[in-house]
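The notes follow the order in which I looked things up.

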Amino acid sequence: ASLVLLLAIGANAQQASVARIPTQGSFGAELQARGDTYIDLHYVRTKKRKVLLHGTLDEQSQQALKTYGTTLKSDQLAAHSHNKFAIPIATDGTDPCPQNVTRHFSVKPWFWDNAWHFWNDLTALGHRLAAASSRHERLALDVFPDIPNDRIKLIDLILKPAFAGGIRGASTLFSSSETCLHLHWAVGPRVIGPVDGGGFSSERRASSDFWRHKLLEDGSITDEDRDAEDYKPSVIFVGRSCAGRGAARCIRNDGLAMLKKAFEGRGWRVDANCCAWSDARKTLRSFAGADVVLGPHGAGLANALLARRGLVLVEVHGDFGAELDLFRKVADGRAGGYVSVRGRFSGGGGMTFTAGDASSIASCAVNVWLDGRNARVANATVTTSSETLEACGRVGPDPSTPKLFVGSRKRLGSGGALIEGAAV
């Protein structure tokens with residue numbers, strides 16, 4: 001589908017608008033690759049559920065309106081709002097807006113009570129924000145139909161640093177009072193974010209870099225000097241409850257104790273009590289400072305997108321048919337490594353590990369991380385060391401290789417091996 005980018009630019013009242021259908025440009029290449037459509041309205045007015053263009057539309061703008069239509073509509077928003085957010089575009093000769101107005105982005109959350117879906121939306125949004133942020137625009141976010149109360153902590157900690165213009169429910173976007181704004185509007189269906197889609201390695205990484213950079217600017221997180229002689233790398237354990245059905249994908253306390261001992265024996269810091277969002281700021285900093293994130297398959301692992309580049313994500317699989325490629329993409333978003341582990345089930349409910357198991361897991365994860373660290377220090381391409389091959393057993397291609405992510409639903413390794421494989 002072609003991408004329409006409609007610009008209403010206040011150069012003068014007589015020739016105010018320019019419209020084009022780009023094949024590349026601010027967002028053209030990225031959006032067309034996913035078949036999504038966005039429309040940019042530069043410096044327009046909104047009033048009483050209308051978007052007001054100003055001046056006499058030039059030929060290109062008239063053609064764009066013929067292609068797009070005279071209603072600002074969104075399949076992404078309409079899917080859950082019964083077309084409530086279909087807004088007429090009026091060309092009634094209103095006065096032009098000043099060019100220093102806030103740029104508004106719109107988003108329809110898709111189950112933000114789940115960290116995977118939260119980051120799927122934010123990865124797609126962050127890639128576009130990174131381009132807008134480089135132009136030093138004042139940004140605002142309008143959430144449809146309103147801000148989900150159950151994710152206020154995530155919104156406060158992660159989203160707010162990026163939006164100097166504020167975050168609000170979209171009910172105020174087309175209020176009775178007239179407002180000047182620059183509107184970046186989702187036209188197509190809900191964005192299939194780069195986390196959830198095949199490929200998109202560069203988009204994933206740019207988006208994660210953007211969110212992390214904003215948190216660093218805000219002072220919410222800090223960066224340690226990983227190259228200091230006394231630096232001790234950090235591993236965090238992302239847990240799940242073993243109660244009830246949770247036993248199918250949780251690691252028992254005795255297994256976690258074995259893993260803690262194995263990493264500490266290699267000189268690593270271990271945060272074995274990470275990730276209770278009741279202390280959201282501590283959890284945010286835990287993910288942001290982690291060199292290795294380890295846990296059973298679950299949405300919480302997606303928060304590893306906040307980590308530094310070079311992260312290693314260790315995913316522990318139970319017998320519940322989880323897709324392996326989901327969290328490889330999270331590791332790829334941090335230009336890092338991925339390790340797949342087959343959990344050992346016990347009669348006590350949940351998965352556990354022997355001392356030997358824990359040592360093997362730690363050895364593989366640490367060596368994958370060291371391969372990335374050594375390449376970063378040398379400013380070289382990551383190569384798999386003989387130590388990593390010996391520790392992990394089977395090492396796949398670089399995560400940036402598209403074949404690793406498109407349509408892959410198989411495990412990296414074979415049989416019932418503890419270390420099913422790794423990608424570096």
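This is a predicted model: local features need pLDDT of at least 70, side-chain atom pairs count only at pLDDT 80 or more; totals for chains, interfaces and linings use all residues.

Sorted by class, the contact of α7 with α10 holds 10 nonpolar residues, one polar residue and no charged ones.

I then checked the geometry of the pair: the axes of α7, which spans residues 253-264, and of α10, which spans residues 355-378, come within 8 Å and cross at roughly 50 degrees. The two helices are therefore oblique to each other.

Next I turned to a second pair, helix α6 (residues 201-218) and helix α9 (residues 325-333), whose axes lie 8 Å apart and which pack at an angle of about 60 degrees. That angle makes α6 oblique to α9. For the residues that meet, I wrote down S201, R204, R205 and S208 from α6, and K329, D332 and G333 from α9. By class, this contact of α6 with α9 has no nonpolar, three polar and four charged residues.

I stayed with α9 and asked how many of its residues are buried. Nine of the nine are, so α9 is largely enclosed by the rest of the structure. The buried set includes charged residues, among them D325, R328, K329 and D332, and it also includes L326, F327 and V330. As for what surrounds them, the buried residues of α9 pack against α4 (115-133), α6, β14 (312-317) and β15 (337-342). Just after α9, I noted that A335 takes a positive phi of about 50 degrees.

Last, I collected the totals for the chain, which has 11 helices and 19 strands. Of its 424 residues, 56% are buried. The chain exposes about 17700 Å², and carbon and sulfur atoms supply 49% of that area. For contacts between residues at least 6 apart in sequence, I recorded that 75% join residues at least 24 apart.

Conventions
Residues are numbered from 1 along each chain as its sequence is written. Side-chain values use heavy atoms; hydrogens and water are left out. Axes are lines fitted to C-alpha atoms, for helices over the stretch in contact, and angles run from 0 to 180 degrees between N-to-C directions. Helices (H or I, at least four residues) and strands (E, at least two) are DSSP runs, numbered from the N terminus. Angles under 35 degrees count as roughly parallel, over 145 as roughly antiparallel, 65 to 115 as roughly perpendicular and the rest as oblique. Buried means under 20% relative accessible area, exposed over 50%, partly exposed in between (1.4 Å probe, protein chains only). Contact means heavy atoms within 4.5 Å. Accessible areas come from the Shrake-Rupley method with a 1.4 Å probe; for residues, only the protein chains shown count as cover.
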